[in-house]
Amino acid sequence: MTGAISRLLLAARRGDELVYVGGVGTGFTDKMARDLRKQLAAMPAKVPPVALKRKNAVFCEPVFVAEVTYTEFTNDGKLRHPSFKGLRELADNVDVFDLKK
């Protein structure tokens, strides 16, 4: 898929910060993956919103909430078997998952 995302990196809130909770690479069509790349590329982050070093990762400003289903959290705090369902804007007043401190 040229010009498309292959994986969407995810974060959840822990207090006032965002914490990396894994990535999702399933649940979107080829068209959705291309559209997501265009949409997210238009809002690059000056500083990564999470403490994560990943080769070829492109970070954007955290203005969307990803709707994701998953089976559970792993022992190291990552999502197990995540599947992408869609994006929502923060302006929708959606709840953002908040990890316990």
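Biologist: How much accessible surface does the protein have, and what share of it belongs to carbon and sulfur atoms?
Modeller: Keep in mind that this is a predicted model. The accessible surface comes to about 7200 Å². The share that belongs to carbon and sulfur atoms is 49%.

Biologist: Is Ser-83 buried or exposed?
Modeller: Ser-83 lies in strand 6, residues 83-89. Leaving aside neighbours within four places in sequence, its contacts include Val-24, Gly-27 and Val-68. The relative accessible area of Ser-83 is 17%. Buried means under 20%, so Ser-83 counts as buried.

Biologist: How are the rings of Phe-28 and Phe-84 paired?
Modeller: A search of the whole structure finds two aromatic pairs. In the pair of Phe-28 and Phe-84, the ring centres are 5.4 Å apart and the planes stand at 65 degrees. Over 60 degrees counts as edge-to-face. So this pair is edge-to-face.

Biologist: How many residues apart in sequence are the parts that this pair ties together?
Modeller: Phe-28 lies in the loop between strand 2 (17-24) and helix 1 (30-41). Phe-84 is in strand 6. Both residues are buried. The parts tied together are 56 residues apart in sequence.

Biologist: What is the relative accessible area of Phe-73, which pairs with Tyr-70?
Modeller: The rings of Tyr-70 and Phe-73 are edge-to-face, with centres 5.3 Å apart. Tyr-70 is partly exposed at 33%. Phe-73 is also partly exposed, and its relative accessible area is 27%.

Key
Residues numbered from 1 in each chain as written. Predicted model: local features only at pLDDT ≥ 70, side-chain atom pairs only at ≥ 80, totals over all residues. Heavy atoms only, no water. Areas by Shrake-Rupley, 256 points an atom, 1.4 Å probe, with all protein chains shown as cover. Helix = DSSP H or I, 4+ residues; strand = E, 2+ residues; numbered from the N terminus. Buried < 20%, exposed > 50% of the residue type's maximum accessible area, 1.4 Å probe, protein only. Contact = heavy atoms within 4.5 Å. Phe/Tyr/Trp six-rings, centres within 6.5 Å; stacked < 30°, edge-to-face > 60°.
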